[in-house]
Amino acid sequence: RRGAYFCMEGKERVEKMFLSNLSVSLLKLCDKSNLTYAEAAELCGITARYFGDIVRHERNPSVDVLEK
């Protein structure tokens, strides 16, 4: 039982790291490509709101969105 707690803690830590890295990568990509959130979102086939939520860690992207 104790091991499961530590595993979950590690999983949450990895998720936070992944989302943080994703956010930084998206911001760098937009900056390098001179894209607004709206333009980047359109290229991904998602709304600018959803894109912004992903960047701000307010929503987790689906696997389908990550593949785009």
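**The core and its surroundings**

Guide: The largest nonpolar core has 12 residues: Leu-22, Leu-26, Cys-30, Ala-40, Ala-41, Cys-44, Ile-46, Tyr-50, Phe-51, Ile-54, Val-55 and Val-65. Here a nonpolar core is a set of buried Ala, Val, Leu, Ile, Met, Phe, Trp, Tyr and Cys residues joined through side-chain atoms within 4.5 Å. Buried means under 20% relative accessible area, exposed over 50%, and partly exposed in between (1.4 Å probe, protein chains only). Helix H1 (2–32), H2 and H3 are the elements that give two or more residues to this core, and H3 supplies the largest share, four residues. Helices (H or I, at least four residues) and strands (E, at least two) are DSSP runs, numbered from the N terminus. As background, in soluble globular proteins, nonpolar side chains tend to be buried together.

Before going on, a word on the ground rules: this is a predicted model, where local features need pLDDT of at least 70 and side-chain atom pairs count only at pLDDT 80 or more, while totals for chains, interfaces and linings use all residues. Residues are numbered from 1 along each chain as its sequence is written, and side-chain values use heavy atoms, with hydrogens and water left out.

Leaving aside neighbours within four places in sequence, Val-65 is in contact (heavy atoms within 4.5 Å) with Ile-46, Tyr-50 and Ile-54.

Phe-51 has another partner to look at. Rings of Phe, Tyr and Trp (its six-membered ring) pair if their centres lie within 6.5 Å; planes under 30 degrees apart count as stacked, over 60 as edge-to-face and the rest as tilted. That rule gives one aromatic pair. Tyr-37 and Phe-51 make it, edge-to-face, at 5.3 Å centre to centre with 65° between the planes. The pair links distant parts of the chain, with Tyr-37 in helix H2 (residues 37–44) and Phe-51 in helix H3 (residues 48–55), 14 residues apart. Phe-51 is buried at a relative accessible area of 3%, whereas Tyr-37 is partly exposed at 30%.

Stay on H3 for Asp-53, which lies in that helix. Asp-53 is buried too, with a relative accessible area of 5%. Not counting residues up to four places away in sequence, Asp-53 touches Glu-58 and Arg-59.

Last, the loops. His-57 lies in the one between H3 and helix H4 (63–67), has a positive phi near 65° without being a glycine, and is partly exposed at 39% relative accessibility. Asn-34 sits in the loop between H1 and H2; its phi is also positive, about 55°, although Asn-34 is not a glycine. Asn-34 counts as exposed, at 67% relative accessibility.
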